[in-house]
Amino acid sequence: MIQTKKLYYGAAYYDEYLPYDRLQADMEMMKKAGINLIRIAESTWSTWEPEDGVFDFSHLHRMLHASKNAGIDVIVGTPTYAIPPWLARKYPDILADTHHGQERYGHRQNMDITHPGYLFHAQRIIRRLLKEVQQYPHVIGFQIDNETKPYDTCCPRVQQRFTQYLKKQYPDINDFNQEFGLNYWSNRVQDWADMPDVRGTINGSLAAEFEHFQRNLVTEFFCWQASIIREYLRPEQFITHNFDFSWRNYSYGYQPDVNQYDAAQHLDIAGSDIYHPSEDHLTGAEIAFGGDLTRSLKQNNYLILETQAQGNHGWLAYPGQLRLQAFSHLASGADCVEYWHWHSIHNAIESYWKGILSHNLKENATYRECMTIGADMKRLTNDLLHLKKHNKIAMLMSNRSNTAFRYFPAGSINDQNTIVRWLYDAFYRMNLEMDMISDTQADPARLADYDLIVLPSVYSMPKILTEHPQHM
C-alpha cells in the first residue's frame, strides 16, 4: 500500500484567486514556515477551460514551476466539483433535478454526476490536466474531486436506473411489494412501468433505499475517476480524496450521503477535511472522531487535506493551540496536516473564512506559529511518520441505519449521529480509543479482534453479523 515518505505540512494554494502576482513571495514565505506541500487545481475548471474546448493552463504551470523551485511538493485535484457556466448553458439539464426542484447555477456541487454531458467534459478536462502535470516529478498525488456527494440527483434517468436496480434485487415484483409494505395507502406496484417518481413516496423504507442507491452512484463516480487517473499515474504517486463529515457548524458525525468505506476502496490513501471550534470550545473529541473514522476507512494512515488555520468567526486558535491541533491529527494516524487555505480570499465567497495569512498577506501570529509546527514536523518525521493504533474497541458505522433514523426517528432524535457522538465522546472522556467499522465490510473474523463492539442504535445490519452475536 502506498504511503507518504515523510510528514507533510501544507496548505491549499490558489494563484488564480489572488488580487495580484505574489507567487514567488508566497513560495518564499511557505518555505520559511516549513510548509512542504500545497494542494491546487480542484476548484478552477473555468480557469483551465474558459470556453468549450479552449484550454489555458498558464496558472497551473506557474504554480508547478514555482513550487518545484521552492522544494514544495504538490497534490493536484481534479476540477470536477464546480462546473463552468458555459457547461451549464450547453446542457441545461446538467444541473441536478432534486427533491426540491432543479438547481440553479452559481454555487458549487450543483450538477448531476450521472449526466452524460457532464461525464464527457469532466473526463476531457481530467485527461488534459493529467497530461499537463506529467512532466513534474514533485507532483506526489491526485485528489479525486472534492467532498463528493450525489447532490440529491433525482432526474428521470436516475430514477429509471433505480427501477432497474430494484428489478435486479427483486425479480418477482410481489416480493418487492411485500418487502416494502406497499399495500399501505394503495402504493402497490403491479408493473415496473408504473413505478412512480420516488420523490413523492410516503414509504420511509423505499425512500431510504433510494438514498442507498444514490450513495452507490458516488462510489461508481469514484471508480470512474480513479480508473482515468491510473492511466497516467506513476508508481510512486497516489490517489486520495478529501471526505467530509456531517455538519453542525463544524465536522460532527458520519457523512450520510456517501458510503465512504466503499468509495475509499478506489483510493490509495484516505483523506478528510476536519473543521472544528477552537479556543474554549475545542474538546479534542472533534479531531479524534474525524481521525478515527478516516483512519478506519482503509485501516491505515491518512491525510488531513483540509483543516482551519484561522478559519471561521470564533475559530482563531489561542497561542499554541494550532500546534496542539496539528499534533492531535498526527496522534490519530495522520501523515499530513494541510490548511484550507494559505491566503484569505479577497472577493466572491468565503472572504471571511481566513487562511494562514489574513487579507494583508503579511506575517501574523498564525503564520509564526505555523513556523514552529513546520520545524517540529521536519525534526520529528522519523519518529511520528506512520503512527499505528491497535484499538480493542470498535464502533459499527451504518449508513443504512443513519438514513433510517431520519425516517423512523427515536422521539425527537432524528439523526443517528447524535447518538454516535454521545457514545464516542463518552469513551473519549474516559481515554478509551476506538476504530470505526463499516457494516458493509465487517466480517466475524475481524470482529473477533475486538473486546467490545459498540452499536449506536443500529437499525439494520448484514445477516453475517447477526449470525455471530457473541462478538457484539
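**Ground rules**

I worked on a predicted model, in which local features need pLDDT of at least 70 and side-chain atom pairs count only at pLDDT 80 or more, whereas totals for chains, interfaces and linings use all residues. I numbered residues from 1 along each chain as its sequence is written, and I took side-chain values from heavy atoms, with hydrogens and water left out.

**Entry 1: cavities**

I took a volume as the space filled by probe spheres set on the points, with grid points joined across faces, edges and corners. I found 2 cavities of 30 Å³ or more.

The largest cavity holds about 80 Å³ of space, and I noted its lining as H212, Y254, N259, Y261, D262, M397, S398, N399, R400, S438, D439 and T440. For elements I used DSSP runs numbered from the N terminus, with helices being H or I of at least four residues and strands being E of at least two. On that basis α9 (260-263) and α13 (399-407) each give at least two residues to the lining of the largest cavity. I sorted residues by class, counting Ala, Val, Leu, Ile, Met, Phe, Trp, Tyr, Cys and Pro as nonpolar, Asp, Glu, Lys and Arg as charged, and the others, Gly among them, as polar; the lining of the largest cavity then has 3 nonpolar, 6 polar and 3 charged residues.

The second largest cavity has a volume of about 50 Å³.

I went back to N259, one of the residues lining the largest cavity, and placed N259 in the loop between β8 (242-243) and α9. With buried meaning under 20% relative accessible area, exposed over 50% and partly exposed in between (1.4 Å probe, protein chains only), N259 counts as buried because its relative accessibility is 7%.

I then checked its polar contacts, each a pair of N or O atoms within 3.5 Å, where within protein one atom must be able to donate a hydrogen and the other to accept it, and where residues adjacent in sequence count only if both atoms are side-chain atoms. The side chain of N259 makes a polar contact of 3.3 Å with that of R215 and a polar contact of 3.4 Å with that of N399. Taking contact as heavy atoms within 4.5 Å, and leaving aside neighbours within four places in sequence, I listed H212, R215, N216, T219, Y254 and N399 as the contacts of N259.

I turned to pockets, each an open set of points with protein on both sides within 12 Å along at least five of seven lines. The largest pocket holds about 1,300 Å³ of space and is lined by 47 residues, of which Y81, H107, R108, Q109 and N146 lie nearest its centre. I noted α2 (45-48), α8 (204-230) and α13 as the elements that give two or more residues to the lining of the largest pocket, whose classes are 21 nonpolar, 13 polar and 13 charged.

The second largest pocket holds about 390 Å³, and F180, S205, E209, R400 and S460 lie nearest its centre among 16 lining residues. The largest share of that lining, 5 residues, comes from α8.

In α13 I marked N399, S401, N402, T403, A404 and F405 as buried, and what covers the buried residues of α13 includes α8, β12 (393-397) and α14 (416-429).

**Entry 2: strand β3**

I found 5 of the 5 residues of β3 (residues 73-77) buried; D73, I75 and G77 point one way, and V74 and V76 the other way. Counting two strands as paired if DSSP finds at least two bridges between them, I noted 4 bridges from β2 (residues 37-40) to β3, running parallel. β3 also pairs with β6 (residues 139-143) in the parallel sense over 4 bridges, with F142 as the partner of V76.

Note on methods. On a 1 Å grid over the protein atoms alone, a cavity is a set of points where a 1.4 Å probe fits but cannot get out, and a pocket is an open set with protein on both sides within 12 Å along at least five of seven lines; lining residues have an atom within 4 Å of a point.
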